[in-house]
Amino acid sequence: AKTAASVAKYAAKAAKLGAATVRIIGTSAARDALNAAELRAAIQQESGLPMEILSGEEEAEWVFRGVASDPKLARLPALVLDVGGGSTEFIVGENAVPRFCRSYALGTVRLLEQMQPADPPGLEALGRCRAVLREFLDRQVVPELEPALRRISTLPPCDLPIPSPHEDGHGGVASSLRLERVPSPHEVGRGLGRGVPSLQGR
């Protein structure tokens, strides 16, 4: 009931602010909900709008379309990662066309629930987290992603900003990385800037 009321409040706010079209979209949490049908019915009753639940592949495709809506990026071959709370999407595409769209059950909330680190987490927890991520990428992502990366053309060099949190909790860009080519899935798994020959820190 609280979820439906909150969604209805946001939908009404969007309409009040002049949104031409208001759509209610559910992603990972809604896909996995045991009461998805009841949730849909409650939201429609409260808001008067139907809720669309995207499949993982649809979510990945929408992410890519959002990135490709930038004219500067539309024609570039790209590897796009969208990290959410319940899922992470990997998309490979070029010329604004997605060639590979996959959603994996790996997100910040899922990982937090699995790891259950202390607050604040220490170096041991960081090491365990990296090991879990590496194993997940090697076992589930790499076998599917690697062939897709091989099929796209070379990525032109570009600079990627690296956000760094400040003491006050707000993010800022501390530095950037020079991306000379599309990294392999194994390089992605090792992390940006650590043993990745395609990435040069600045």
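Modeller: Helices here are DSSP runs of H or I with at least four residues, strands are DSSP runs of E with at least two, and both are numbered from the N terminus. This is a predicted model, in which local features need pLDDT of at least 70, side-chain atom pairs count only at pLDDT 80 or more, and totals for chains, interfaces and linings use all residues. Residues are numbered from 1 along each chain as its sequence is written, and side-chain values use heavy atoms, with hydrogens and water left out.

Biologist: How many helices and strands does the secondary structure of the protein come to?

Modeller: The protein has 8 helices and 8 strands. Ala96 lies in the loop between β4 and β5, and Asn95 is in that loop too; β5 covers 97-104.

Biologist: Why is Asn95 called partly exposed?

Modeller: Relative accessible area decides: under 20% is buried, over 50% is exposed, and anything in between is partly exposed (1.4 Å probe, protein chains only). Asn95 has 45%, so Asn95 is partly exposed. Ala96 has 38%, so Ala96 is partly exposed as well.

Biologist: What is the phi of Asn95, and what is the phi of Ala96?

Modeller: For Asn95, phi is positive, at about 55°, although the residue is not a glycine. Ala96 also has a positive phi, near 65°, and is a residue other than glycine. Most residues other than glycine have a negative phi, and most peptide bonds are trans.

Biologist: Is the peptide bond from Asp119 to Pro120 cis or trans?

Modeller: That bond is cis, with omega near 5°. Pro120 sits in the loop between α6 and α7.

Biologist: What makes Thr88 buried?

Modeller: Thr88 has a relative accessible area of 5%, and therefore counts as buried. Thr88 belongs to strand β4, residues 88-94. Leaving out residues up to four places away in sequence, Thr88 touches Asp82, Val83, Arg102, Ser103, Tyr104, Leu106 and Gly107. Touching, or contact, means heavy atoms within 4.5 Å.

Biologist: How far does the backbone oxygen of Leu106 lie from a polar atom of the side chain of Thr88?

Modeller: The distance is 2.5 Å. A polar contact is a pair of N or O atoms within 3.5 Å; within protein, one must be able to donate a hydrogen and the other to accept it, and residues adjacent in sequence count only if both atoms are side-chain atoms.

Biologist: How do you know that Ser28 counts as buried?

Modeller: Ser28 is at 7% relative accessibility, so Ser28 counts as buried. Ser28 is in helix α2, residues 28-32. A polar atom of the Ser28 side chain lies 3.5 Å from the backbone oxygen of Gly86. Apart from neighbours within four places in sequence, Ser28 contacts Glu59, Gly86, Ser87 and Arg110.

Biologist: And why is Val63 called buried?

Modeller: Val63 has a relative accessible area of 18%, so Val63 is buried. Val63 is part of helix α4, residues 56-68. Not counting residues up to four places away in sequence, Val63 touches Val80, Asp82 and Ile91. The C-alpha atoms of Val63 and Asp82 are 7.2 Å apart, with the two residues 19 apart along the chain.

Biologist: What makes α1 oblique to α3?

Modeller: The axes of α1 (residues 2-16) and α3 (residues 36-47) come within 8 Å and cross at roughly 45°. That angle makes α1 oblique to α3. Angles under 35 degrees count as roughly parallel, over 145 as roughly antiparallel, 65 to 115 as roughly perpendicular, and the rest as oblique. Axes are lines fitted to C-alpha atoms, for helices over the stretch in contact, with angles running from 0 to 180 degrees between N-to-C directions.

Biologist: Which residues in α1 meet which in α3?

Modeller: Thr3, Ala4, Ala5, Val7 and Ala8 in α1 meet Leu39, Ala42, Ile43, Glu46 and Ser47 in α3. By class, this contact of α1 with α3 has 7 nonpolar, 2 polar and 1 charged residues. Ala, Val, Leu, Ile, Met, Phe, Trp, Tyr, Cys and Pro count as nonpolar, Asp, Glu, Lys and Arg as charged, and the others, Gly among them, as polar.

Biologist: How do you know that α6 and α7 are oblique to each other?

Modeller: Helix α6 (residues 108-115) and helix α7 (residues 123-151) have axes that come within 11 Å and cross at roughly 120°. They are therefore oblique to each other. The contact is made by Leu111, Gln114 and Met115 of α6 with Ala125, Arg128, Cys129, Val132 and Leu133 of α7. The residues of that contact of α6 with α7 divide into 6 nonpolar, 1 polar and 1 charged.

Biologist: How much of the protein counts as buried?

Modeller: Of its 202 residues, 31% count as buried.
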